[in-house]
Amino acid sequence: MKRAGTLRQVSDFSDFTSGRHLRQLLSQREPGEASPHVQTSPDGQHLLLLLRGRLPPQVLAFQRLGTSGGTLERSWQPPQPPVVGLLFLPGPAALTWALAIVWEQGRTEVWRFMPTAGWQLQQTLELCHGARARIVSICSQGGSLVWCEERPPSDAHMDPGRGAFRYCICTRVLQVGEQGAHLGPLRIVVHNSPQYHLLASPQHVFLVPTGATFASIATFLLAWCPQEAKVTVVSPSQAFVHSEALRSGDFRKLVFGSVGLLLSAAPLDIRTCALSSCGGLLLLSTQGTVHLVQPDGTWRHVCDLGGSGLAPGDPVQLMAFGSTLACVLAGALYLVDLSSGRLMEKKLLSSKEVQLLELPRGEGEEEEEGVQLLTPAGIYRFGFSSLEEDGRPEPTLVEMVFEEACKYYQRRSLSSAQLTVEKLKKGDMFQAPIVLSSILQHSLPHKPKAARGLPETYAKLLSTMSVDLQSYLSLELLKSCVVGASQSDVDRCCEELVEQEVSRLLCSDLDRENLAYLNAVFGSFPRAAWKAIRSSLQLQQNGDGLLVARATPEIWKKVLGGPVLSWSPQEELGPNGVVPLFELICGCLHRFKPKWLPRFVALTQQCAGASWPYKEGPEGRLPLYRRALAVLPGKQHPTAADSELEIELLLCSERPKAVLQAVQLLIHLRRWQRVVEAAETFSKLSPLLNKEIFATLLAQFAQHRDLDPYLATLWELCPADLTVPDILSTVLQHLPCPEGDPAPFCARGAPLTVALLKPLLHKVAQRQGTRDELYADVLQGSPFPPPTPPREHRAVPKAALDLAQPVDTHRAPALDTKPSDAV
């Protein structure tokens, strides 16, 4: 962890030749005149100023005192075109570097600084071939120059659409030797291109759209790798990355395959850009948002420096110093840690004439990192506090971390004794292990005996945190393996990383923040999260087909914890803003192992009952089966698999209301075999549930004949306290309403007959010990109906004609509507 230090002045220009003149050039400017462009030489011994707003334009070089040789002061009278770049090129061993001054029309002067003779013009070159060519942007990549060149069309009446593609990206090798500079042949990388701003990293060249680029083309940027002859197209708004080998070099052919997607994207919002120390591209938007683009197209949000838009005239600067991002924005200096995106420091600037200045190569050894600023008053350095060379952490840092970890819990402590790291770790409450590890991690590797030299308090703290430090170290190593790995290796590393994170969270306090992070992990890596939770709970199926787990009661408490009184899948979030862990696990089961979901709910009920009481009801939590039902999709378009899962979840709960609901669903689906099996299984749980199930099935028996094959099993479920009048009353209440006039036989379908009901009535009557005389005729009567009375030759009503229909003597007697035969 880095902490910004104080600002200190490293030079007031008195250590430079002509320091007073340098101070005047930086401080005295005419109204509307642009600030001078300032660069430092690679060895840090020279400051170069490009005065572009004055006539004539000038290039001046100031060297530090003690460096022999004269100053460089070059000016050019009109009609000399403007200077587009000051480039430092690698030189021979005796020179180490050379300066190239490049003009707009392609003329290039190569200068070298000799310690004894001063600045000497080594050679003048011409980069461009055409007399009408114009360089709009240039950079150096290794030993080559790469530039964006405008080639105006010969036809003055060319339409603007074709004129927008009048640029080309060119490159030439420029070798600087003892005897002079050698310019290689011109090579066009991309032709028919729009205007781009070029920035070169050690391995890649970024082509960034400018304000002059067509809006339809300014939706993506290009990354060219000269060694591999490959171009990568990156469109952040469409999350699109495409790489291909550079063959013909025609811009239109390069993007033709993706033109539909690229033209529909929104233009890039870029205010300024800079290179990072890792070879990526930093982009600052007009809203103050910083993004990092890697050469492979990876796009990462770094930080937000301002919530409001920037005025077009506001000075903005962006530069990376190692892993620190420095940004001069709206009169303030922002220092951001690129690795974490954390704002380390924000300083209001008293002067608007502040420029970021690159650190000389080879510096940074006495300080870990620094940010260098140039003002009219001198050069300033922002340094960062570092650890002592002997590996001993500074006491103030350790105390700061200790106080940060304890301050929240100290307020909640009932005793006046200060909480220790051991107590915090024991209660899984320690909140600052990352901060502590980043301060103390240097003491673990390469210095196993370093703890002996530490004070007793710090040595004890280090020994307490050693396991955590090793864990975080292995975690960081795993993250680093993902960079540049293949897809299979990335998937494997992600699974391992997710498993470590889930295991760590299950061993910590699942507060709202950790639970929200767990939601993000499950949402981003569902399959890896399912494997991780299966490994953490040790879920597996034994030989009998039962689901078993070997998790501790503490983990089960975390699985079932959290307020979940009113959560449903139709809501975007749970009651506390996140989905509880139990629902997350049920969601994974429903997605990857749906058959395990009811067994997991039953297993959870069993483990919860054996370990501690899981309170349900109005004053407690929701029943587990209802929490599991909440992860199923809505009932508007249920699938057969989801309906089966709902039934299994209701049955596995063994709660009376849930079992009755499951029986009703099975009846609705007309799965009579499953209905009878469920009734036979769950009627044994309680007499009340047995009575409810039997009444439900008896009502179905009275309405149709689908249960007739299962009557023997159904009559065995008859409760002991049920009487004959109760049975007949239920049957009569649920008889289907006849359509039309009553008849002794049903016109369609098989009717309910006394013969079907007689075994049940016999059983109930024998159980009571006596037979009611009222039902004696019904139980002992003839199984066949009486003979049909003789016909009379007189007009009869329609109902009588229906009764005079022929009788099927082979069918069982139907229930008649007469009082003497009514059931």
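**Buried faces, a hairpin and a cavity**

Q: Which helices are included in what covers the buried residues of α18?
A: This is a predicted model, in which local features need pLDDT of at least 70 and side-chain atom pairs count only at pLDDT 80 or more, while totals for chains, interfaces and linings use all residues. Residues are numbered from 1 along each chain as its sequence is written, and side-chain values use heavy atoms, with hydrogens and water left out. Helices (H or I, at least four residues) and strands (E, at least two) are DSSP runs numbered from the N terminus, and buried means under 20% relative accessible area, with exposed over 50% and partly exposed in between, for a 1.4 Å probe and protein chains only. The cover over the buried residues of α18 includes α16 (640-653), α17 (656-668), α19 (687-703) and α20 (711-716).

Q: Within what arc do the buried residues of α18 fall?
A: Helix α18 spans residues 672-682, and its buried residues are Trp672, Val675, Val676, Ala678, Ala679 and Phe682. Looking down the axis of α18, and taking the directions from the helix axis to the C-beta atoms, these residues line one face of the helix because they fall within an arc of 165°.

Q: Within what arc do the buried residues of α12 fall?
A: In α12 (residues 553-560), the buried residues are Ile555, Trp556, Val559 and Leu560. Down the axis of α12, they line one face of the helix, since they fall within an arc of 130°.

Q: What is the bridge partner of Leu333 in β27?
A: Strands β26 (residues 332-337) and β27 (residues 343-348) run antiparallel and are joined by 5 bridges; two strands pair if DSSP finds at least two bridges between them. They form a hairpin with 5 residues between them, and Gly341 in the turn has a positive phi of about 75°. Within β27, Leu333 has as its bridge partner Lys347.

Q: Is Thr40 buried or exposed?
A: Thr40 belongs to strand β2 (residues 37-40). Not counting residues up to four places away in sequence, Thr40 touches His46, Leu47, Phe88, Leu357 and Glu358, where contact means heavy atoms within 4.5 Å. Because its relative accessibility is 11%, Thr40 counts as buried.

Q: How far apart in space are Leu357 and Thr375, C-alpha to C-alpha?
A: Leu357 lies in strand β28 (residues 355-357), and its relative accessibility is 2%, so Leu357 counts as buried. Beyond its neighbours within four places in sequence, its contacts include Val38, Met319 and Leu374. Leu357 and Thr375 are 18 residues apart in sequence, and from C-alpha to C-alpha their separation in space is 9.9 Å.

Q: How much space lies in the largest cavity?
A: On a 1 Å grid over the protein atoms alone, a cavity is a set of points where a 1.4 Å probe fits but cannot get out, and lining residues have an atom within 4 Å of a point. Points are joined across faces, edges and corners, and a volume is the space filled by probe spheres set on them. By this rule there are 6 cavities of 30 Å³ or more. The lining of the largest cavity includes Leu26, Arg29, Glu353 and Thr375, and its space is about 70 Å³.

Q: What percentage of the residues in the protein chain is buried?
A: The protein chain has 24 helices and 32 strands. Of its 823 residues, the buried ones make up 44%.

Notes: On a 1 Å grid over the protein atoms alone, a cavity is a set of points where a 1.4 Å probe fits but cannot get out, and a pocket is an open set with protein on both sides within 12 Å along at least five of seven lines; lining residues have an atom within 4 Å of a point.
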